[in-house]
Amino acid sequence: MTHEELWNAIVKLAAERHMSCSGLARFSGLDATTFNKSKRFSKYGQPRWPSTYSLAKVLNATGLTMSDFVSLMPNHDKEK
């Protein structure tokens with residue numbers, strides 16, 4: 001799982017639910033800016049990963065399991 005794959009899965013989940021990333025955050029009980037593109041990297045270019053808290057809130061709100069969420073990642077079932 002890469003930083004890009006994880007963020008893309010959040011974007012895909014939001015789109016599948018006909019929401020923006022901000023809408024998905026609000027729907028999940030999070031601050032609307034939680035998944036903003038500007039928060040995905042630090043000002044020094046270091047990747048910022050969503051917290052387990054944020055992911056848990058999204059999974060609970062959408063009714064998805066972690067396996068469901070991981071299946072949104074394009075390479076989730078390929079052996080490395």
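Tutor: H18 sits in the loop between α1 and α2, where helices are DSSP runs of H or I with at least four residues, numbered from the N terminus. This is a predicted model, in which local features need pLDDT of at least 70, side-chain atom pairs count only at pLDDT 80 or more, and totals for chains, interfaces and linings use all residues. Residues are numbered from 1 along each chain as its sequence is written, and side-chain values use heavy atoms, with hydrogens and water left out.

H18 is not a glycine, yet its phi is positive, at about 60°. Its relative accessibility is 75%, so H18 counts as exposed (exposed means over 50% relative accessible area, buried under 20%, partly exposed in between, with a 1.4 Å probe and protein chains only).

H18 follows α1. The 14 residues of α1 should span 20 Å at 1.5 Å a residue, and the end C-alpha atoms are 20 Å apart, which agrees; the expected span is 1.5 Å times one less than the number of residues. Buried in α1 are H3, E5, L6, W7, A9, I10, L13 and A14. The cover over these buried residues includes α2, α3 and α4, with contact taken as heavy atoms within 4.5 Å.

The loop between α2 and α3 holds S28. With a relative accessible area of 6%, S28 is buried. A polar atom of the S28 side chain lies 2.8 Å from the backbone oxygen of L24 (a polar contact is a pair of N or O atoms within 3.5 Å; within protein, one must be able to donate a hydrogen and the other to accept it, and residues adjacent in sequence count only if both atoms are side-chain atoms). Setting aside neighbours within four places in sequence, S28 is in contact with K57, V58 and A61.

In α3, residues 52–62, the buried residues are S54, L55, V58, L59 and T62. Seen down the axis of α3, they fall within an arc of 130°, so they line one face of the helix; the arc is that of the directions from the helix axis to the C-beta atoms. On the face turned away from this buried side are the exposed residues T52, Y53 and N60. Covering the buried residues of α3 are, among others, α1 (3–16), α2 (21–27) and α4 (66–70). After α3 comes G63, with a positive phi near 80°.

Technical notes: Helices (H or I, at least four residues) and strands (E, at least two) are DSSP runs, numbered from the N terminus.
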